[in-house]
Amino acid sequence: MSDTAIEATGLGKRFGRRGGRALHDCAFRLPTGRVCALVGPNGAGKSTLLALAAGLLAPTDGRLRVLGTSPAAARPRVGYVAQDKPLYPQLTIAEILRMGADLNPGHWDPAAAEHVVAGGDLEPGTRIRSLSGGQRTRVALALALGKRPELLLLDEPMADLDPLARHELMGTLMAQAAQYGTTIVMSSHVVAELEDSCDHLLLVGGGRIRLAGEIDDLLAAHVRVTGAADSDRLDAHAVVESRVTGRQLTALIRPAGPLPAGWRASAPTLEELVLAHLRNPEAPVLTTAPAATEESAA
């Protein structure tokens, strides 16, 4: 068993000979057993990164390891729900679940899959083509959880769900992580809905990894400060973002030592941290988990 769920070194992906880069020189390590928020703006490379980890795309540059091996070799141990939730529209829910069992012999948990479907009051005989977007999401998650994966990759899984269903399915995912030690990587545009559930963060911006590590460590490395607008005494610190309102300057910084006298400091929220880094693409990268392990180097 590997203690690393996903590890990237110099990872890059370009589409076509003249296509643009979706990812460039990405390096990070995600330990096993984490619930990881994958965040970033549209077009940042989140879906590409998940597809690479699922073994559906091959990298153009660098190396990607999943559960201690190649993404292709790890595929039987990985569950993946794409953003468009592709399912055979002519099949019924029951047929889709039987297909999941046939494709995962010896690894299928019918109770887990049926529990997710039953939570939406869905009839097993209903055809996929007649389901709403939220109902299709529930069936896709049932397929992924029925596989009992070691690593679960979810691309915007809650986008089609109403708040009640979102809360219920998030609870199901957290129970899966707690009971089986499943590593979950979940992309979302709604940072607030991930803050209470995730303990690890990957922030992607411009095709690069901007922040990577335990959320508590990343938050502890930053401070939100306020002080006089005419002061230049923050020069010794790494300033992620700053703005002036009247005579007051507010900034998010990574302190390099004691703060100047008279400055007020407070802890940022996860949303403040993410938004500040997205608004300033020039902010220095911070990775709190090592990007290489002895195991991967062997």
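Me: Which ring does the charged end of Lys13 sit over?

Reply: In this predicted model, the ring is that of Phe15, and the charged end of Lys13 is 5.3 Å from its centre. A second case involves Arg148, which lies over the face of Tyr180 at 3.8 Å from the ring centre.

Me: How many aromatic pairs are there?

Reply: The count of aromatic pairs comes to zero by the rule used here.

Me: How do I read a sheet, and what is the order of the strands in the open sheet?

Reply: The strands of a sheet pair through backbone hydrogen bonds, and the pairing is either parallel or antiparallel. Here three strands form an open sheet in the order E2-E1-E4, and the pairing is antiparallel. Strand E2 (21-31) and strand E4 (61-66) are at the edges with a single partner strand each, so one side of each has no neighbour in the sheet. From one strand to the next, the twist averages 15 degrees.

Me: How many bridges join strand E1 to E2?

Reply: Seven bridges join E2 to strand E1 (residues 4-14), and the two run antiparallel. Opposite Pro31 in E2 stands Thr4.

Me: How do I read the packing of helices, and at what angle do H4 and H5 pack?

Reply: Two packed helices are described by the angle between their axes and the distance between the axes. Helix H4 (residues 110-118) packs with helix H5 (residues 133-146) at an angle of about 165 degrees, and their axes are 8 Å apart. H4 and H5 are therefore roughly antiparallel to each other. The crossing of H4 past H5 is right-handed.

Me: Which residues of H4 and H5 make the contact?

Reply: From H4 come Ala112, Ala113, Val116 and Val117, while H5 contributes Arg138, Leu141, Ala142, Leu145 and Gly146.

Definitions and conventions:
Residues are numbered from 1 along each chain as its sequence is written. This is a predicted model: local features need pLDDT of at least 70, side-chain atom pairs count only at pLDDT 80 or more; totals for chains, interfaces and linings use all residues. Side-chain values use heavy atoms; hydrogens and water are left out. Rings of Phe, Tyr and Trp (its six-membered ring) pair if their centres lie within 6.5 Å; planes under 30 degrees apart count as stacked, over 60 as edge-to-face and the rest as tilted. A charge sits over a ring if NZ of Lys or CZ of Arg is within 6 Å of the ring centre and within 35 degrees of the ring normal. Two strands pair if DSSP finds at least two bridges between them. Helices (H or I, at least four residues) and strands (E, at least two) are DSSP runs, numbered from the N terminus. Axes are lines fitted to C-alpha atoms, for helices over the stretch in contact, and angles run from 0 to 180 degrees between N-to-C directions. Angles under 35 degrees count as roughly parallel, over 145 as roughly antiparallel, 65 to 115 as roughly perpendicular and the rest as oblique. A crossing is left-handed if the near helix is turned anticlockwise from the far one by less than a right angle, and right-handed if clockwise. Contact means heavy atoms within 4.5 Å.
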